Amino acid sequence: MFTLNKCALRINGNIDNSCVTSTCTLTFMPTEHICRADYASHDQTRRGAMALTEFNYTSPFEATDEMKRGFDEKGYVIIRGLLEPDELKKVTRAFEESEYIQANAYSTDDNTGRKSRVACWKQPGDDVTGLVTRSERVVRTCEKLLGGEVFHYHSKINMKDARTGGQFVWHQDYGYWYQNGILFPDMISVFIALDASVQENGCLQILEGSHQCGRIDHGLVGGQTGADEARVELIKDALPLKYVEMQPGDAVFFHCNVLHTSSPNVSDRRRWVFISCYNKVSNKSVKKHHFPSCGKLDIVCDSAIRSCTNVTDMSGKDFLDPKDNTLIKAAK
């Protein structure tokens, strides 16, 4: 602690000595006593108010600069009610009743003995779920958030059933996709809740702002690809953990470098989610692999979801054979 005399002020060529005798006291603290919240508070003050990350869907829908700001700062934005009730009912029916889902589903082990079922496909298709993937409200939002034209990389349904559904270990989507010859992390996932997704049934968890940490090393964990655990623990100490609790029809758009996980489903309620992933057209893969390296989306108007009559015929999706994906260990 020390006392500092204020300097005299020169105003319009004259010396103002009124402040010369006044003093101020400055107190310095050792850096180890300055908590991370102080840094965060200072950073927030410097940049202005914290960006918003939650928004409500209204029709017609257009992504805004505020959404882009939240995505850039936190790595994700949540759009509540992205699917309206009648649209959600049709999409859920498609997944429950289509023989293609059951025929192409496989299980991944979470390294604790629990399993979750997944079905994954390479092309959106013309059924109602494909029209969601190709809809303006989804595609144009991805393009706004990533800053350029996108194409469909792949989609999937994650089926975490009641009492048995396993966890998805901490990972970045780019931890997988980097291995596929994609040079830049200009990719995004759109995660749509088909059921209520809460902590009890293993909702999505995100480390806010972790996309700014860059790509982290990944390796096999059970049947999944997981991020380096020691590094994740360090990042968990530095960044806030967000439990992304969602109601059916809510969606979260998140950057491919965001660290995320979800716990096992220990509840009596299932947790099914529909995920579509996109890559920028300028970021095509330099390596042939099990997903499309480039492409062009046939975008449809939002009303096409409601008017679609093809609910369960998913023959145009080109489902993934898990044996072709060397980044997972899966069983039919």
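I started with Asp318, which comes out as partly exposed at a relative accessible area of 41%. This is a predicted model, so I am reading local features only where pLDDT is at least 70. I found Asp318 in the loop between α9 (303-307) and β19 (330-331). Its phi is near 55 degrees, a positive value in a residue other than glycine. I noted that most residues other than glycine have a negative phi.

Next I looked up Arg163, where phi is also positive, near 70 degrees. Arg163 sits in the loop between β9 and β10 (168-171).

Then the peptide bonds. I found a cis one joining Ser59 and Pro60, with omega about 0 degrees. Pro60 belongs to the loop between β5 (54-56) and α2 (65-74).

Last, the sheet around β8. Is strand β8 mostly covered or mostly open? I checked residues 115-121 and five of the seven are buried. On one side I traced β7 (residues 106-109), which pairs with β8 in the antiparallel sense over four bridges. Thr108 has Ser116 in β8 as its bridge partner. Five residues lie between the strands of this hairpin, and Asn111 takes a positive phi near 80 degrees.

I also followed β8 to β9 (residues 150-160), another antiparallel pairing, with five bridges.

Conventions:
Residues are numbered from 1 along each chain as its sequence is written. This is a predicted model: local features need pLDDT of at least 70, side-chain atom pairs count only at pLDDT 80 or more; totals for chains, interfaces and linings use all residues. Side-chain values use heavy atoms; hydrogens and water are left out. Buried means under 20% relative accessible area, exposed over 50%, partly exposed in between (1.4 Å probe, protein chains only). Helices (H or I, at least four residues) and strands (E, at least two) are DSSP runs, numbered from the N terminus. Two strands pair if DSSP finds at least two bridges between them.
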